[in-house]
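Please examine the following model from its overall architecture down to individual residues.

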Amino acid sequence: MEHVDPNALKRTDFRNGRPCEFCQQLDSNFGQRKPMDQIVSANRKQTASAHLTEDGYVRHRWLELSKLVAANPRSAA
Ligand SMILES: [Zn+2]
């Protein structure tokens, strides 16, 4: 798995992170995630790859895809 930048993990610890606003808005289960899965690097854009954990990344991507499918239901395979 190379989409999680290992340097981001080293650079950023929990104190430097912040909750992902994108996930916060779209994920109704956001509050039930583990704290580390809610956090993105403070110095990066709130993208999936800014997430500090694999699980956070996957959930962010899932939300993005769900949004796309909702916007374009006919193009969904
Ligand atoms: Zn997110």
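How many helices and strands does the chain have? The chain has four helices and two strands, where helices (H or I, at least four residues) and strands (E, at least two) are DSSP runs numbered from the N terminus. Along the sequence, these elements follow the pattern α-β-α-α-β-α. The model is predicted: local features need pLDDT of at least 70, side-chain atom pairs count only at pLDDT 80 or more, and totals for chains, interfaces and linings use all residues. Residues are numbered from 1 along each chain as its sequence is written.

Of the 77 residues in the chain, 21% are buried. A residue is buried if 20 or more other C-beta atoms, placed from the backbone, lie within 10 Å of its own, exposed if 12 or fewer, and partly exposed in between. The largest nonpolar core has six residues, namely Cys20, Cys23, Ile39, Val40, Ala50 and Leu52; such a core is a set of buried Ala, Val, Leu, Ile, Met, Phe, Trp, Tyr and Cys residues joined through C-beta atoms within 7 Å.

Alanine 42 lies in the loop between strand 2 (39–41) and helix 4 (54–71). Alanine 42 is exposed because 12 other C-beta atoms lie within 10 Å.

Glutamine 24 belongs to helix 2 (residues 21–26) and is partly exposed, with 13 other C-beta atoms within 10 Å. Glutamine 24 and glutamine 38 are 14 residues apart in sequence, with 8.0 Å between their C-alpha atoms.
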